[in-house]
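I opened my notebook to look up a few things and write them down one by one. Follow along with the structure as you read.

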Protein chains: 2
Amino acid sequence: MDRTPVWFMRQAGRFLPEYRAIREHHSLLEICAQPDLAARVALLPVHQLGVDAAILFADIMLPLIPMGIDLEFSPDEGPVIHNPVRASQDIARLRAFQPDEELAHVLEAVRILRAELPLDVPLIGFAGAPFTVASYMVEGGPSRHYLATKSLMLSEPTLWHTLMEKLTDVLSAYLLGQVRAGAQAIQLFDSWVGALSPEDYRQFVAPYSAAILQSLAKTGVPRIHFGTGTGSLLEDLQAAGGDVIGLDWRTPLDQARRRLGPTVAIQGNLDPAVMLAPLPVLERRVLEVLSKAGGRPGHIFNLGHGIYPETPVENVRAVVEIVQAYRANLATNTEA
Amino acid sequence: MDRTPVWFMRQAGRFLPEYRAIREHHSLLEICAQPDLAARVALLPVHQLGVDAAILFADIMLPLIPMGIDLEFSPDEGPVIHNPVRASQDIARLRAFQPDEELAHVLEAVRILRAELPLDVPLIGFAGAPFTVASYMVEGGPSRHYLATKSLMLSEPTLWHTLMEKLTDVLSAYLLGQVRAGAQAIQLFDSWVGALSPEDYRQFVAPYSAAILQSLAKTGVPRIHFGTGTGSLLEDLQAAGGDVIGLDWRTPLDQARRRLGPTVAIQGNLDPAVMLAPLPVLERRVLEVLSKAGGRPGHIFNLGHGIYPETPVENVRAVVEIVQAYRANLATNTEA
């Protein structure tokens, strides 16, 4: 497809009744551990919503388990880490591992998906970026202020850099494994990077995200580099790499185009809260996103973050139709 | 003082042992209800840290109580609202009130403080901005995604505007009352406004913040307009008004100066997490903030948000000394 594909972060999630039905019998980690089931879940939005791309069903925390992190998910889906990483010995204890072996179930889900997906529906692989993953490891779960993470960074920079190096190695190998197994694009989720000042980002985070993205360059697959709250560090995020920069709703796409220039594509950026609005409001907002993206190629329509579980399925379907109609209309006009 | 005063958001807070001692015997709301005690607490950082300004000890939620909101604070200090405002009748039920009567205790604390403060230490009054206050009212407490708030905005815009009008009236009167009682500057806290896209901010929020700030223009007191996560809506926040724009650490002050121009002063913006760093790191970061602010008048040194309870008191005192030494040095150089 040559212009404006549409997919949604968390498109295989709790807003889908079929997903909720599966979750009645299987935990999140159980689904991830069973490649057939993970693939079935990832296919749901392709069949039911008509999105233009599938994304691997997995969780950004999965690579932590073979590193030795004691992880579970709370009933509200938040990760809980029972042995947070704060001191020198915690970091020394983290195991390097071969994703081909210890995350073989994820790579198998990629292979199944690739075999089952229609040829014109690409499969997106993904991983959490080192900062976002490290923040969970250090805080022990989701955080509002990232105080323990920032304290480690500022008070023990050598430890911090060691942790980031270990994560960089593991996450690069994991993403390369996904591409080898058949992923046709990858997204690096640095979801919480907007908590940082540009200076801290450049000093403590960017080199590691850059190394991961660089390690994927030779594969030739498009690399989507995503963060939220990046209004003040968009240029720095871009400098760390990526063929596509994923934005949240805080930065209007016309502003993003101006700041990022013509060398990268953009992805985003409808506020997922708008997905709960009445259809006429929703339609107007979708068209505004498309219009601000400039009607040019190089825009992947998405939300600014994951779909909320409260989102009506018919609204998601409507957005897919609006984007696809807009695209068809543009194509007709261009050909005329 | 002609240049670079220093004060801290939450400077009379849990990081101070004397405050914690008072809190062993009095809840947050009890302190706010007793003008003598509230004044005593607000004076603590002036006497113990040597800050250049005092700020009223109060909470942005106080005006909600006479409006009919059933408010308490959880053990971790988060506000809990037992009757959140979501439907038409909830908003209709909200009472307008006279701050001179129903928040007389707060205004009395202002008068006591003004009488007790040294003549060269100005007193800052404050209120929450309508969006930030409304978000607590609608969500029932702190929120990560503001989904109920945004849903009200987008699905029931008429109700939303009614709620914002009611809050605007109450908050304007409250701030005017503080100025009449002796506050020599005011800060409008729109702490959570960074959750919004610029479009939603302009349409649903800015007119109300602007009305409040405008209602204070005739008093002549400096108006500080503060938000966090405002990297993508700084210009819109400025357009809504304020003589000083308060920034968090996400937007470097040199970038802020460029974007905001020479007609407003700036306040900020050290990451409060840096206050927990070793002293040499802390000192370097404070000097960087001062340097990025440009060494010109029109900068109030502050954090990018409130001091964390975990902050060592000696670090706070050190920052006051660094800023005051920098200022003295600048003054000497200018005079030479």
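This is a predicted model: local features need pLDDT of at least 70, side-chain atom pairs count only at pLDDT 80 or more; totals for chains, interfaces and linings use all residues.

**Entry 1: Ile55(B)**

I looked up what Ile55(B) touches, and left out residues up to four places away in sequence. I found Trp7(B), Gln11(B), Ala42(B), Ile124(B) and Phe126(B).

Buried or exposed: which is Ile55(B)? I noted 25 other C-beta atoms within 10 Å of Ile55(B), and 20 or more is enough, so Ile55(B) is buried. This residue is found in strand β1 of chain B, which covers residues 54–55.

I also wrote down a pair for Ile55(B): Asp76(B) is 21 residues away in sequence, and the two are 22 Å apart in space, C-alpha to C-alpha.

**Entry 2: the nonpolar core**

Next I wanted to know which residues have the most contacts inside the largest nonpolar core. They are Ala42(A), Leu56(A), Ala42(B) and Leu56(B), in a core of 223 residues. I remembered a general point here: in soluble globular proteins, nonpolar side chains tend to be buried together.

I then picked Leu56(A) and skipped its neighbours within four places in sequence. Its contacts include Ala42(A), Ala109(A), Val110(A), Leu113(A) and Leu123(A). Ile124(A), Gly125(A), Phe126(A), Gln178(A) and Ala183(A) are also in contact with Leu56(A).

**Entry 3: two helices of chain A**

Two packed helices are described by the angle between their axes and the distance between the axes. I looked up both for α7 (residues 104–116) and α10 (residues 157–181) of chain A: the axes come within 8 Å and cross at roughly 30 degrees. Angles under 35 degrees count as roughly parallel, so that is how α7(A) runs to α10(A). The crossing of α7(A) past α10(A) is right-handed.

Which residues meet there? On the α7(A) side I listed Leu107(A), Val110(A) and Arg111(A), and on the α10(A) side Gly177(A), Gln178(A) and Ala181(A). Sorted by class, this contact has 3 nonpolar, 2 polar and 1 charged residues. Two names were already in my notes: Val110(A) and Gln178(A) are both among the contacts of Leu56(A).

**Entry 4: where the chains touch**

How many residues of chain B are in contact with chain A? I wrote down 25, and they contact 25 residues of chain A. On the chain B side, helix α9 (residues 147–155) gives the most, with 5 residues. That side divides into 12 nonpolar, 9 polar and 4 charged residues.

I looked for cis peptide bonds and noted one between Gly268(A) and Asn269(A), with omega about -5 degrees. Another joins Gly268(B) and Asn269(B), with omega about 0 degrees. Asn269(A) is found in strand β8 (residues 265–270) of chain A, and Asn269(B) lies in strand β8 of chain B.

Then I checked phi for positive values in residues other than glycine. Thr4(A) has phi near 45 degrees. I placed Thr4(A) in the segment before α1 (17–23) of chain A. Thr4(A) counts as buried, because it has 21 C-beta neighbours inside 10 Å.

For Tyr146(B), phi is near 60 degrees, again positive in a residue other than glycine. Tyr146(B) lies in the loop between α8 (130–139) and α9 of chain B. With 21 other C-beta atoms within 10 Å, Tyr146(B) is buried.

Definitions and conventions:
Residues are numbered from 1 along each chain as its sequence is written. Chains are lettered from A and ligands numbered from 1 in the order in which they are written. Two residues are in contact if their C-beta atoms, placed from the backbone, lie within 7 Å. Helices (H or I, at least four residues) and strands (E, at least two) are DSSP runs, numbered from the N terminus. Ala, Val, Leu, Ile, Met, Phe, Trp, Tyr, Cys and Pro count as nonpolar, Asp, Glu, Lys and Arg as charged, and the others, Gly among them, as polar. Axes are lines fitted to C-alpha atoms, for helices over the stretch in contact, and angles run from 0 to 180 degrees between N-to-C directions. Angles under 35 degrees count as roughly parallel, over 145 as roughly antiparallel, 65 to 115 as roughly perpendicular and the rest as oblique. A crossing is left-handed if the near helix is turned anticlockwise from the far one by less than a right angle, and right-handed if clockwise. A nonpolar core is a set of buried Ala, Val, Leu, Ile, Met, Phe, Trp, Tyr and Cys residues joined through C-beta atoms within 7 Å. A residue is buried if 20 or more other C-beta atoms lie within 10 Å of its own, exposed if 12 or fewer, and partly exposed in between; C-beta atoms are placed from the backbone.
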